[in-house]
Amino acid sequence: MARILITSALPYINGIKHLGNLVGSQLPADLYARYMRARGHEVMFICATDEHGTPAEIAAAKAGKPVDEYCAEMHEVQAGLARGFAMSFDHFGRSSSQRNHVLTQHMAKTLGEAGLISEVSEEQVYSVADGRFLPDRYIEGTCPNCGYERARGDQCENCTKQLDPTDLINPRSAISGSTDLEVRETKHLFLRQSTLRDTLDEWIDSQTGWPVLTTSIAKKWLHDGDGLQDRGITRDLHWGVPAQFEGAPWSGMEGKVFYVWFDAPIEYIAATAEWADAQGLDDSAWERWWRTDKGADDVRYVEFMGKDNVPFHTLSFPATLIGSGEPWKLVDYIKSFNYLNYDGGQFSTSQGRGVFMDQALTILPADYWRWWLLSHAPESSDSEFTWENFQASVNKDLADVLGNLVSRVTKFCRSKFGEVVPGGGAWGPGEAALIAALSTRIRAYEGHMEAMEVRKSAGELRAIWVLGNEYLQEAAPWSTFKTDPEQAAAQIRLALNLIRLYAVLSQPFIPEAAARMMASMHCEDWSWPGDIGAALALLPEGHGFEVPEVLFAKITDEERADYAARFSGVRD
Ligand SMILES: [Zn+2]
């Protein structure tokens, strides 16, 4: 039995995530966590809301709420949606937790004492009316290049020219619209990442199993241009982890907090500590996952994220952990994803374009979405959601192949033999051929799941379902029954066992349907199949079952057209 630590990139707190966000980290991480648990491994699966930073403060102000109250409410909303999509997190934490405050300050202090933090004075734009320094993208004005009147302080989105806030003509605050702006000097802490470049380079070179995409992104950031840059890790904000604290190796940082990119990944660790607290366990319970001097030596740590998050996870977060000089567990494998597009364009949170997690659950059960998203995961390239494709996939794979098999077998058995596994008859060459074919495909499925090849795994699972349908088509117990009821009984006994086996194999993808399949077989044996012949003889003669309600309802053309129309614009 192995010990596997799994983290999903943290969803930001300001609003509900769309399906593209879901398939970019949480959902495939859940697939892997469920599979590894099903194989008997010890799994710690961690996620959390990422709650600090200017966007959270602004979203709270818009909602007319104090930021802590806003974040607490939005955390509950996101936690509820995660439950709705059957995310099997061991803990869904909050980056604003006390645990993260303590750990973030500890990391900063350790880095400071190791000489890896410098103090830098900068000039920044201060809004007198807003009473705050403004991040570049919260300053608006007229572009000096093209005259566009709503250019941001970091870039003009009309002509794409990179800007400095001081380049803007008639600059104003994007928060209040105030033009009462002045340039003030402010001091910040910088993490001296550049001094860790060789160490990070060696560490990345030692990661032989990483995907090429991950390694090449990391190497580009390490070496391109002037190489890895030092980064500011503090901001002039109120909401966050205070940068001035007791025992800090610097002074004069009152009123500043650590920047969100510094404290968010530390929350992976802090959330595991939150988990231990929630379980009433002491520190050794979480330290055995994260401290190589306290039991984490044999842990395999896998991170899931969208490709835009790769630089943080290959460089910045490891720089924090390695730079601390303490024996923290570093990532072993990074699984990153491209983007999911929506019906000819992009999913967009800011524009409200696409299908969002809350909306999805109001129209169809989570398993429908899980299956489509995972079987179309944007792994090697971007992929696209269309309603036609979604309808076809749900109707064919789930309703026609899997749902139909379950329904036909249970209903036929009930009508001819009653709601018990029938006795009599024996397996012949047809059953032997099925077992051989299943064995080959199930071993391939295991290989793909192990390797986190999400689409290949889905394809193999679908092929496993198809084998069962082909067997039934060939064996045709409804015909056999007329001439040889004993033989039909043997075929149906196998087919009922196939339903249980499919529940076990399908559970990582479609947990709710799998639970219903298992319950309809009056069984709680979720053990992973070793010998397939033995797995198909597990439910014995005389074992009771019941015909389940329809597992998957087909999506009609009318419904599809209705959904496409409802989600063609932007959300309110
Ligand atoms: Zn411009």
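Residues are numbered from 1 along each chain as its sequence is written, and side-chain values use heavy atoms, with hydrogens and water left out. Because the model is predicted, local features need pLDDT of at least 70 and side-chain atom pairs count only at pLDDT 80 or more, whereas totals for chains, interfaces and linings use all residues.

The zinc ion is coordinated at 2.3 Å by the SG atoms of Cys143, Cys146, Cys156 and Cys159, donors being N, O and S atoms within 2.8 Å of the metal (3.2 Å for Na, K and Ca). Angles of 103 to 116 degrees among the 4 donor atoms make the site tetrahedral, a term that applies to four donors if all angles lie between 85 and 135 degrees. Along the chain, the donors follow the spacing C-x2-C-x9-C-x2-C. Cysteine 146, in the loop between strand 6 (139-142) and strand 7 (151-152), and cysteine 159, in the loop between strand 7 and strand 8 (169-173), are 13 residues apart and link distant parts of the chain; strands (E, at least two residues) and helices (H or I, at least four) are DSSP runs, numbered from the N terminus. Cysteine 146 counts as partly exposed at 35% relative accessibility, and cysteine 159 counts as partly exposed at 23%, where buried means under 20% relative accessible area, exposed over 50% and partly exposed in between (1.4 Å probe, protein chains only).

The axes of helix 13 (residues 387-417) and helix 15 (residues 454-475) come within 10 Å and cross at roughly 45 degrees; axes are lines fitted to C-alpha atoms, for helices over the stretch in contact, with angles running from 0 to 180 degrees between N-to-C directions. Residues of helix 13, including Leu398, Leu402 and Leu405, meet residues of helix 15, among them Trp465, Val466 and Leu472.

Tryptophan 427 lies in the loop between helix 13 and helix 14 (429-450) and is partly exposed, with a relative accessible area of 34%. Leaving aside its neighbours within four places in sequence, tryptophan 427 is in contact (heavy atoms within 4.5 Å) with Ile435, Ala490, Leu494, Gly533, Leu536 and Ala537. Tryptophan 427 and alanine 513 are 86 residues apart in sequence and 28 Å apart in space, C-alpha to C-alpha.

Alanine 513 is one of the buried residues of helix 18 (residues 511-520). The buried residues of helix 18 pack against helix 2 (26-38), helix 12 (366-375), helix 13 and helix 17 (485-506). Helix 18 is followed by histidine 522, whose phi is positive, near 50 degrees.

Methods
Tetrahedral: all angles 85-135°; square planar, octahedral: opposite > 155°, others 65-115°.
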